[in-house]
Structures are given as C-alpha cells and as structure tokens.
Amino acid sequence: MREPRLALITRPGCHLCTDAKAALDRVVAVTGDQWVEKDVTGDLELEREYGDRLPVVLLDGKEHGYWRVEEERLLHDLTEPQL
C-alpha cells in the first residue's frame, strides 16, 4: 500500500493544527484521499525544516502551504491533472 498523497506536519497543543486537521478531513471527504499526520516532536529534521511554520500541508511530498489549509486550492490540486 502506498503512502497517502497528503501529510500534515503538526505538534501537540497547536490550535492551528487542530483547525488544519478538520480542514483536511473536509477535503478528503470530497476527494476520497487519505492523509497522515507527522508530529515534529522528537524529529529533529522535521523540527529544523518546519519549526514555527506549523501546521504544514504536504502534497505528494512537496510543501503545499502552512498555517492555514487553502481548501479550494487543495481540492483543485488533488482533482486536476498536474502538468
């Protein structure tokens, strides 16, 4: 089974992360995709990369956005063919 196309980089106690999880749930309810959560706690590489910009949405391993989920843009990028 392959890794989901969407990942959310988070940390405990992050209120924006809670909002982002709800937004991703709304998006995948439409697209049928799945998403995984990656906690920066204890992961020095993730902490260095994303630090204060949490939450961060990754689409196909690339940064799609941070702090807020742009739901319409994400829906578009998940459903339209990429060139």
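Predicted model: local features only at pLDDT ≥ 70, side-chain atom pairs only at ≥ 80, totals over all residues.

Reader: Which side chain does the side chain of Asp77 make a polar contact with?

Author: The partner is the side chain of His64, at 2.7 Å. Asp77 itself belongs to helix H3, residues 71-79. Helices (H or I, at least four residues) and strands (E, at least two) are DSSP runs, numbered from the N terminus.

Reader: Is Asp77 buried or exposed?

Author: Asp77 is buried; buried means under 20% relative accessible area, exposed over 50%, and partly exposed in between, with a 1.4 Å probe and protein chains only. Asp77 has no salt bridge, and the nearest side chain of opposite charge, Arg73, is 4.0 Å away. For charge, Lys and Arg count as positive and Asp and Glu as negative, while His and the chain ends are not counted. A salt bridge is a side-chain nitrogen of Lys or Arg within 4 Å of a carboxyl oxygen of Asp or Glu.

Reader: How many salt bridges does the structure hold?

Author: The structure holds seven salt bridges. One of them joins Arg11 and Glu47, with the closest N and O atoms 2.7 Å apart. Arg11 is in the loop between strand E1 (6-10) and helix H1 (15-31), and Glu47 is in helix H2 (residues 44-50), so the pair ties together parts that are 36 residues apart in sequence.

Reader: And which residue does Glu37 meet in a salt bridge?

Author: Glu37 meets Lys21, at 3.1 Å from N to O. This pair links distant parts of the chain, since Glu37 is in strand E2 (residues 35-39) and Lys21 is in helix H1, 16 residues apart. Glu37 is partly exposed at 40% relative accessibility, and Lys21 is partly exposed at 28%.

Reader: Let us change topic. In what sense do strands E3 and E4 pair?

Author: Strand E3 (residues 56-59) and strand E4 (residues 62-66) pair in the antiparallel sense over four bridges; two strands pair if DSSP finds at least two bridges between them. In E4, Glu63 is the bridge partner of Leu58. The hairpin of E3 and E4 has two residues between the strands, and Asp60 takes a positive phi near 55 degrees there.

Reader: Which side chain meets Glu63 in a salt bridge?

Author: That side chain belongs to Arg53, at 2.7 Å from N to O. Glu63 is in strand E4 and Arg53 in the loop between H2 and E3, so the pair ties together parts that are 10 residues apart in sequence.

Reader: Where does the charged end of Arg53 sit?

Author: The charged end of Arg53 sits over the ring of Tyr66, 5.1 Å from its centre. A charge sits over a ring if NZ of Lys or CZ of Arg is within 6 Å of the ring centre and within 35 degrees of the ring normal.

Reader: How many aromatic pairs does the structure hold?

Author: The structure holds one aromatic pair. Tyr66 and Trp67 form this edge-to-face pair, 4.8 Å centre to centre, with 70 degrees between the planes. Rings of Phe, Tyr and Trp (its six-membered ring) pair if their centres lie within 6.5 Å; planes under 30 degrees apart count as stacked, over 60 as edge-to-face and the rest as tilted.

Conventions. Residues numbered from 1 in each chain as written. Heavy atoms only, no water. Polar contact = N/O pair within 3.5 Å; in protein donor to acceptor, adjacent residues only side chain to side chain.
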